[in-house]
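Colleague: I would like to go through a model with you and learn how to read its features. Can we take them one at a time?

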Amino acid sequence: MNDDYKASKEAFVSGMTGSSVVHINKVSLSALISIALYCAVKTRLPPNRPLSFLSEVVLLVLPLIFSVTVFANAPGTLCLILLVPTIVIVLFFPRREAGAYLPSSLTHSRTSSRDTTPARKGAWPGIINIPPLPALTTYRSHMLLLTFICILAVDFPVFPRSLAKCETFGASMMDLGVGAFVFSQGIVSAIPLVKKPQHLTEPVLPKLSVILRKCSPVLLLGLLRTISVKGTEYPEHVTEYGVHWNFFITLAIIPVLQVLLHPLMVHIPISLLGVVVAISHQLALSAGGLQRFVLDAPRVGVISANKEGIVSLPGYLAIHLLGLSTGTLVLAPSPSYFRRRLQQLTRPEVTVPRPRTPSSDSDSDDDIPAATAPVPTGKPAPELRRENDKTATELCSYAVLWWSFLAVLRFSRVGGGISRRLVNMQYIFWVAAYNTTFLLGYLVLDLLFFPSPLSKSVYSPTSKLKVHPDPDMLKATQRTKGRDAGLGGSAPALLEAVNANGLVLFLLANVMTGLINLSMRTMYMSDGPAMLVISLYALGISAVAWACRHRRLWRF
């Protein structure tokens with residue numbers, strides 16, 4: 001690559017100061033509205049069959065491309081373009097009915113939740129199955145798609161410089177994307193903990209060995225990326241992570257650090273642990289001199305050469321822990337499920353819930369029996385019903401909390417502003433607030449467009465007591481495919497495909513971005529050809545995801 005062009009390209013993506021938190025929220029809102037439009041089309045317009053690949057690309061991918069390019073400086077216009085047809089469809093087209101649940105399918109909680117549960121029969125295993133959560137799949141897939149689009153689009157002038165990564169302080173879409181990736185990694189890392197909370201009390205060394213083997217390919221990818229970038233003289237932004245460090249290395253190390261904290265998670269709420277790590281990291285930055293070291297120290301050794309990547313690790317760990325805490329809320333049958341299981345680990349004398357008589361006045365969201373009964377061999381783990389309405393309420397509480405923390409930090413100017421380079425407290429709570437809010441948005445859309453008594457709490461109009469589905473009916477609906485049946489159905493097929501192979505597609509996006517940049521001078525390209533290249537690139541990644549939608553290429 002020509003030295004002059006390489007220098008110009010590095011200057012093209014350097015020295016940015018970002019946009020504003022409000023502007024980033026407006027840009028991101030189009031993703032949420034595009035899902036609302038998809039849901040409206042899916043539930044109200046004929047024919048009643050799955051949408052085609054190209055239809056899903058138009059409804060789900062193109063709005064993301066437009067939101068960070070031609071409409072980036074007018075996000076309200078794009079939101080209005082998407083919102084108007086959504087409202088028209090909802091108002092003038094009746095919802096297609098997929099069949100109503102019969103009254104006999106719902107059983108009074110005094111009989112179903114106390115007398116017919118597997119735990120009461122001694123057959124409930126200690127490990128539960130976690131059914132898919134469409135809102136989580138949609139959230140993760142949209143985050144991944146937006147990341148794929150931005151890592152290429154940033155090299156074209158059609159992508160506003162205000163959305164590119166900031167040099168030191170500032171809020172931008174690409175800065176947020178890095179943190180969102182770590183936050184979502186934390187959410188899915190909660191799966192083994194929700195399935196089996198006893199995992200936290202198992203010996204650390206065997207778990208460390210397993211996680212090291214699992215993360216070693218990602219670490220190898222990071223090393224290979226460093227070698228390839230240096231070997232091809234590809235333009236790089238050194239102040240992002242350092243001379244040799246990159247995001248793959250951070251992704252590989254964070255799960256290892258999380259495992260080391262398992263003994264603490266048994267006694268300290270994970271969200272509180274994340275806040276403690278964030279505060280400790282900020283103290284190290286402000287009072288410990290790490291901020292001065294990152295911003296001013298010369299790159300004279302391996303550590304100082306990669307000071308951004310090394311110093312930011314505790315901050316990314318805090319984001320990961322806050323995501324992990326969110327995962328224990330949204331993946332479990334009810335928001336309190338994981339908390340109760342931890343209480344049983346720390347207080348063995350309360351592992352078996354006190355039996356209640358049929359005259360109990362009401363049920364709470366803690367009605368899920370303890371998974372402590374003996375496990376007969378050969379019995380499949382049960383798949384429990386989620387109460388998504390209660391999960392939404394809890395997510396709303398956390399979103400308000402994180403936004404409040406961010407407001408206080410910004411008002412008191414702690415850390416000097418939002419900084420992805422330092423991953424300071426303002427950045428940590430901004431990432432947590434944003435991701436919790438948008439995950440809540442997707443969950444609310446799911447509850448609005450695909451209501452089902454199996455995905456929310458239902459109360460008897462006469463007794464005011466909680467009504468549970470009959471166990472036989474619950475089993476039947478779990479086997480039923482489709483959005484309008486069972487425990488919430490599934491996310492759009494394209495988004496499920498992206499979510500299933502997210503890391504592989506992320507690697508593919510990086511390779512394709514490199515090849516495109518090596519084959520053309522992107523920074524001098526006009527908007528029309530640039531939009532064509534970006535759209536074909538996004539279409540290519542979507543096509544690969546679609547082609548591999550029925551198989552998992554790499555588990556991480």
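Colleague: Is Glu 308 buried or exposed?

Modeller: This is a predicted model, and every value here is computed. Glu 308 has a relative accessible area of 1%, so it counts as buried, the cut-off being under 20%.

Colleague: Which side chain does Glu 308 meet in a salt bridge?

Modeller: The partner is Arg 299, with 2.7 Å from N to O. Arg 299 is partly exposed, at 31% relative accessibility. Salt bridges with shared partners also bring in Arg 421, so that Arg 299, Glu 308 and Arg 421 make one network.

Colleague: How many salt bridges does a search of the whole structure find?

Modeller: The search finds seven. One of them pairs Glu 240 with Lys 165, the closest N and O atoms being 2.9 Å apart. This pair links distant parts of the chain: Glu 240 sits in helix α10 (residues 238-241) and Lys 165 in the loop between α6 and α7, 75 residues apart. Both Glu 240 and Lys 165 are buried. Another salt bridge joins the side chains of Lys 196 and Glu 202, at 2.9 Å from N to O. Lys 196 is partly exposed at 29% relative accessibility, and Glu 202 is partly exposed at 28%.

Colleague: What about disulfides: how many does a search of the whole structure find?

Modeller: A disulfide is a covalent bond between the sulfur atoms of two cysteines. The search finds zero of them here. Cys 150 is buried, with a relative accessible area of 3%, and Cys 215 is buried, also with 3%.

Colleague: How do I check a helix, and what should the span of α7 be?

Modeller: Multiply 1.5 Å by one less than the number of residues. Helix α7 (residues 173-188) has 16 residues and should therefore span 22 Å; its end C-alpha atoms are 22 Å apart, which agrees. Of those 16 residues, 15 are buried, so α7 is largely enclosed by the rest of the structure.

Colleague: Where is Leu 78, and what is it in contact with?

Modeller: Leu 78 is in helix α4 (residues 75-92), and it is buried at 5% relative accessible area. Leaving aside neighbours within four places in sequence, Leu 78 is in contact with Ser 30, Pro 63, Phe 66, Ser 67 and Phe 71. The C-alpha atoms of Leu 78 and Phe 66 are separated by 7.9 Å, the two residues being twelve apart along the chain.

Colleague: Which residues form a nonpolar patch on the surface?

Modeller: They are Leu 80, Leu 83, Val 84, Ile 87, Val 88, Leu 91, Phe 92 and Phe 93, with about 760 Å² of accessible area together. Val 88, for one, is in helix α4 and is partly exposed at 37% relative accessibility.

Colleague: What does phi look like at Arg 413 and Val 423?

Modeller: Most residues other than glycine have a negative phi. Arg 413 has a positive value, near 55°, and Val 423 has a positive value near 50°. Arg 413 lies in the loop between α19 (388-411) and α20 (425-449), and Val 423 is found in the loop between α19 and α20. Arg 413 is exposed at 70% relative accessibility, whereas Val 423 is buried at 0%.

Note on methods: Residues are numbered from 1 along each chain as its sequence is written. This is a predicted model: local features need pLDDT of at least 70, side-chain atom pairs count only at pLDDT 80 or more; totals for chains, interfaces and linings use all residues. Side-chain values use heavy atoms; hydrogens and water are left out. Helices (H or I, at least four residues) and strands (E, at least two) are DSSP runs, numbered from the N terminus. Buried means under 20% relative accessible area, exposed over 50%, partly exposed in between (1.4 Å probe, protein chains only). A disulfide is a pair of cysteine sulfur atoms within 2.5 Å. Contact means heavy atoms within 4.5 Å. Patches are made of residues with over 30% relative accessible area and no salt bridge: like charges are joined within 9 Å, nonpolar side chains (Val, Leu, Ile, Met, Phe, Trp, Tyr) within 5 Å. Accessible areas come from the Shrake-Rupley method with a 1.4 Å probe; for residues, only the protein chains shown count as cover. A salt bridge is a side-chain nitrogen of Lys or Arg within 4 Å of a carboxyl oxygen of Asp or Glu.
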